Amino acid sequence: MNITLTGIVEVFFHLPHAVAIYDSKDLNIAFVNAQMLEIWNRKDNLVGRNFGDVFPEHVRQGFDALLRNVWLSGTTYTAKETPANILIDGELKTHYFDFEYRALQDNQGKTIAVLHTATEVSDRMLAWKTVLEREASEAAINEELRASNEELHSTMEELGETVQKLENSYDQIESSENQLRQIIQNASLGLGVIDVKTQNIQYANRHFLKLIHADEQAIGKRFIDVLSREKSELLSKLISKIVTNKEHFVRSEVETYFADDPNTYYHNVAYQPIFDKSGAVDCVLIAATEVTAQREAKAALELSYNQLRLAKISGGLGTFHLDVANDKLVWDERCKELFGVPVMKEVSYSSDFVNGLHPEDKTRVLSAIELAYEEGKSSGNFDIFYRTIGAMDSVIRHVHATGKVYFDSASRPINFIGTVRDRSAEVKMIEDLQNRDEQLQLVNEELATTNEELMAINEEYQVTNEMLLSSQYTTQNLIESLKVANDQIVENEERLNQAITSAKIGTWRLDVRSSKVHWDNRTKELYGFSLLDVVEFEHVLQHMHPSDRPRVEKAITRALSPELKEDYDITFRIIHENREEPTWIHAKGKAYFSEHDEPIYFSGIVLDITQAVAIKDKTDAFHKIVAQKERKLQLVLDSAKVGTYTFDLDTNEIQFNNHSQLLFGFTDNGKPKKSETLENVLGKYIPLLKNGIHEAINSGILYDESFQILNTKSGDTKWLRFVGNSAGYTDPSMFYGLIIDITAQKVDEKRKTDFLGIASHELRSPLTALTGYLQILQHKSASLSTDRIAAIVKSAEHQTYRMRTLIDGFLNISHIEDGNLRLNRTKFNMYGVLEELYGTFCDTIRSHKFVLDISNKSLEVFADREKVEQVIINFVNNAVKYTPSNTKVTLAADTDETALTIRVSDEGPGISDENQTRLFDKFFRIHGANSPLISGFGIGLYISREIMGLHGGEIGVSSTIGQGASFWISLPLTPID
């Protein structure tokens with residue numbers, strides 16, 4: 001079944017119950033049908049108006065509050081036979097209704113609308129009342145029959161009037177439908193309906209067509225023929241998901257564009273399934289609401305919040321939030337610090353705030369809070385000075401708290417929010433001033449007493465004179481003290497004023513798109529601009545010191561980079577025309593990005609740190625000298641890749657530098673004990689290590705030993721050389737030394753020993769066979785036939801060939817390592833070489849089958865023929881040695897525009913990926929359960945690789961376990977010098 005917008009509207013208009021829909025928390029009336037208008041006794045158009053504005057009488061009856069609670073809580077409210085006073089002809093009349101307020105929510109549980117359905121049951125209530133009355137007066141029914149007939153006649157008349165009203169209502173509904181259709185067609189909300197079976201666009205208003213860059217011709221067409229491929233695929237997936245899940249789906253802040261508008265807009269797009277009678281999704285209603293302004297407001301709000309947070313941190317303010325209704329208190333870290341409460345502790349009003357008040361201030365503070373809770377007396381304002389006692393440190397702090405209480409519609413307090421500032425330093429200064437005033441008062445009192453005594457003891461002139469002199473001296477001292485105290489008071493007053501105005505933190509904001517910088521007056525002052533200047537971003541950089549400008553530009557670039565998004569935190573100098581010395585500035589800030597990671601705003605604060613930089617420069621200069629000396633010494637050790645160690649005989653503790661820890665396999669920053677080190681040493685060397693260290697300590701001689709160390713974590717072993725000596729008389733408890741990794745040296749020594757053993761064994765085998773053949777010819781030549789002698793000679797020649805091959809391999813290795821391996825290049829046809837080798841292999845090797853697979857017989861190359869043959873023969877010999885008998889070995893060749901490629905493929909067990917990576921290394925042999933034990937040195941493929949390298953060619957292998965191996969070389973057709 002296809003449903004149109006008109007069909008949807010018809011469904012709403014013809015529901016058996018009265019229906020209204022509110023689409024905002026302010027209860028905006030988005031839809032109302034004729035039945036609801038009749039209940040409300042209204043004939044005018046109420047769509048787009050708020051419920052409370054239209055029906056103030058319903059607000060007084062509490063219906064507005066019920067609707068708002070349903071919107072906020074998402075809980076359905078249902079009532080039966082509820083009285084409501086309806087304004088009819090200017091008079092409130094009571095009617096009875098069954099009604100329901102149901103919240104409609106999206107997938108995230110957010111309310112998007114409230115559905116209001118109602119049925120008037122006044123007649124039913126009247127009927128029940130009539131039944132009760134009739135049951136009570138059953139005896140009088142006959143007497144009232146006449147009156148009932150009259151009522152029936154009146155009811156028939158009312159029925160006729162009702163029929164007439166219904167006809168009038170139908171006309172009104174038709175008119176309302178036309179109005180609603182016009183409203184929907186011209187609405188800023190994009191609406192479209194997609195048939196899920198045909199994928200046709202059944203309906204689309206103008207805003208929806210504008211969004212999909214189409215006109216009215218798109219209606220009735222499939223959306224895949226109207227939209228781009230990318231958008232069509234996305235919409236198909238969304239519709240399939242909705243059909244499957246039968247659930248509402250919303251995409252938030254979708255970036256949109258209009259064909260005739262270069263600006264970027266954002267829409268919230270809702271996809272609502274509409275079902276047929278069987279419960280299947282018949283079509284999908286798409287509603288797109290523009291949220292560009294809300295999105296920008298959200299970004300601006302986030303920016304303001306961060307600026308406020310930075311200002312709060314700079315001013316040292318603490319914040320609090322008390323949920324009065326639920327008695328839940330929240331403090332930030334600064335507020336907890338002022339009450340001496342641990343940062344991670346969850347606080348409460350009674351246990352932390354009330355108990356944290358000074359006993360002498362508690363009653364006054366609580367009274368002030370109670371007064372703030374009375375909206376009529378205080379308007380919710382709170383401003384008070386009091387003391388706190390730290391819960392952990394018991395420190396008394398003086399604080400200044402300001403706040404605001406917020407009330408509900410019934411003037412009940414619901415939230416209490418404010419700030420707390422530490423004023424202990426100010427109070428301490430005031431107390432000091434008061435103490436000095438008291439001391440001055442005491443001095444004045446003593447001076448008055450002295451004057452009285454001077455008058456009473458007039459006859460003791462000499463004594464009085466001396467006392468007078470003493471008093472004058474004391475008075476002079478007191479005057480001087482008073483002057484000092486007065487100067488201190490003036491100075492303290494100045495400091496207090498400076499402290500009040502010292503938080504001269506400037507704020508700034510860069511609009512990235514327009515390159516406009518918005519500064520407050522303090523920032524302009526620090527940069528040397530006048531208060532009326534409009535500053536461009538380029539002008540900001542021009543006022544910076546030239547040496548600092550690249551660093552600042554880099555920091556700004558990294559802060560605006562979507563990949564990095566680094567915080568902007570940097571110090572630099574500002575050059576002023578009227579000052580000799582620059583001003584040092586400390587700037588902090590953060591960039592804010594769009595949904596597509598494009599920087600929008602860049603804001604922060606600046607602070608004058610010139611004096612602090614001067615002090616720091618002096619300190620850094622001293623530390624720099626010390627650090628340079630330490631760094632030079634460390635660089636010498638690190639560049640030599642030498643580890644160092646220190647052994648304390650008193651604590652039995654060894655300290656290692658970073659390279660030593662890497663050599664031993666330590667990964668943490670701990671200080672391993674001596675025993676921990678010895679656990680890594682193979683058992684047979686432990687006694688030697690102990691004895692050697694103690695002997696060196698006791699005798700003061702140089703300690704120099706090499707040991708094989710085992711890393712217990714990885715299982716790897718390495719050879720380390722320990723060199724050390726005791727500190728001697730300067731510090732007899734310390735032993736210092738170096739650690740050198742000689743693993744490579746030991747590996748080379750072992751490799752040479754192994755090579756000599758293998759070479760001796762390999763040379764001995766053909767030499768022994770050759771000696772045997774010669775002895776047979778010497779002692780039995782007279783009795784042997786000519787064929788037998790020829791066979792023995794041929795076998796002897798084969799053994800000499802083996803020896804020559806081994807010796808040639810050793811010589812090639814020597815030439816390669818000395819750099820003396822040379823090529824003798826000539827131009828020849830590779831097909832003839834391969835054909836000749838193929839015939840030789842077929843004649844001499846009976847254990848395998850050989851195949852020559854070459855379609856192009858013109859394979860001209862410029863190369864060293866003998867060495868290329870050596871490589872191919874090595875490939876074939878390996879294939880024969882490592883594959884089962886009676887299997888196939890294939891020689892193939894082909895060319896392209898640049899190179900000739902030759903392949904030797906077998907049907908052997910294959911080579912693992914791990915072995916393939918090392919196959920062309922010198923002396924490497926494949927060992928394993930699936931690899932036969934075959935004699936050889938592991939130098940053939942290594943020599944082949946070097947030969948191909950001299951030709952400027954390539955060599956390689958491709959293999960899969962169980963599917964054989966294919967060795968190949970590639971020779972360039974153009975010679976490379």
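**Entry 1: burial and overall make-up**

I began with burial and noted that buried residues make up 35% of the 977 residues in the protein chain, where buried means under 20% relative accessible area, exposed over 50% and partly exposed in between, with a 1.4 Å probe and protein chains only. The model is a predicted one, in which local features need pLDDT of at least 70 and side-chain atom pairs count only at pLDDT 80 or more, while totals for chains, interfaces and linings use all residues. I kept to numbering from 1 along each chain as its sequence is written, and to side-chain values that use heavy atoms, with hydrogens and water left out.

I then listed 30 helices and 33 strands in the protein chain; helices (H or I, at least four residues) and strands (E, at least two) are DSSP runs, numbered from the N terminus. Among contacts between residues at least 6 apart in sequence, I found that 50% join residues at least 24 apart, a contact being heavy atoms within 4.5 Å.

**Entry 2: the sheet with β16**

I looked up the sheet that holds β16 and read its strand order as β18-β17-β16-β21-β20-β19, an open sheet of 6 strands with antiparallel pairing; two strands pair if DSSP finds at least two bridges between them. β18 (535-536) and β19 (568-574) stand at the edges with a single partner strand each, so one side of each has no neighbour in the sheet.

Going through the pairs, I noted that β16 (residues 506-511) and β21 (residues 599-608) are antiparallel over 6 bridges, with Phe 602 in β21 as the bridge partner of Leu 510. On the β17 side, β16 pairs with residues 516-519 in the antiparallel sense over 4 bridges, and Asp 511 has Lys 516 as its bridge partner. β16 and β17 form a hairpin with 4 residues between them, and in the turn Ser 515 has a positive phi of about 60 degrees. I also recorded 9 bridges between β20 (residues 583-593) and β21, which run antiparallel, with Gly 589 opposite Gly 604 in β21.

Which strands does helix α20 lie across? I found α20 (residues 549-560) across β19, β20 and β21, running at about 155 degrees to β19; axes here are lines fitted to C-alpha atoms, for helices over the stretch in contact, and angles run from 0 to 180 degrees between N-to-C directions.

**Entry 3: the sheet with β6**

I turned to an open sheet of 5 strands in the order β7-β6-β10-β9-β8, again with antiparallel pairing. Its edges are β7 (201-204) and β8 (249-258), each with a single partner strand, so one side of each is left without a neighbour in the sheet. Neighbouring strands of this sheet are turned by 25 degrees against each other on average, direction ignored. I noted 6 bridges joining β6 (residues 190-195) to β10 (residues 281-290) in an antiparallel pair, where Ile 194 stands opposite Val 284 in β10.

**Entry 4: nonpolar cores**

I checked the nonpolar cores, each a set of buried Ala, Val, Leu, Ile, Met, Phe, Trp, Tyr and Cys residues joined through side-chain atoms within 4.5 Å. The largest has 43 residues, and Met 830 and Phe 967 have the most contacts inside it. Helix α28 (residues 865-882) gives the largest share of this core, 7 residues. Leaving out residues up to four places away in sequence, I found Met 830 touching Leu 859, Val 861, Val 868, Leu 900, Ile 902 and Leu 971. A second, separate core of 28 residues includes Met 36, Val 54, Ala 103 and Val 114.

**Entry 5: helix pairs**

I followed α28 to helix α27 (residues 830-844): their axes come within 11 Å and cross at roughly 40 degrees. α27 and α28 are therefore oblique to each other, since angles under 35 degrees count as roughly parallel, over 145 as roughly antiparallel, 65 to 115 as roughly perpendicular and the rest as oblique. Among the residues of α27 that meet α28 are Met 830, Leu 834 and Phe 841, and those on the α28 side include Val 868 and Ile 872.

For α13 (residues 349-356) and α14 (residues 359-372), I read axes within 9 Å that cross at roughly 120 degrees, which makes α13 oblique to α14. Here Tyr 349, Phe 353, Val 354 and Asn 355 in α13 meet Lys 362, Val 365, Leu 366 and Ile 369 in α14.

**Entry 6: a loop residue**

Is Glu 216 buried or exposed? At 52% relative accessibility, Glu 216 counts as exposed. Apart from neighbours within four places in sequence, Glu 216 is in contact with Gln 185 and Leu 209.
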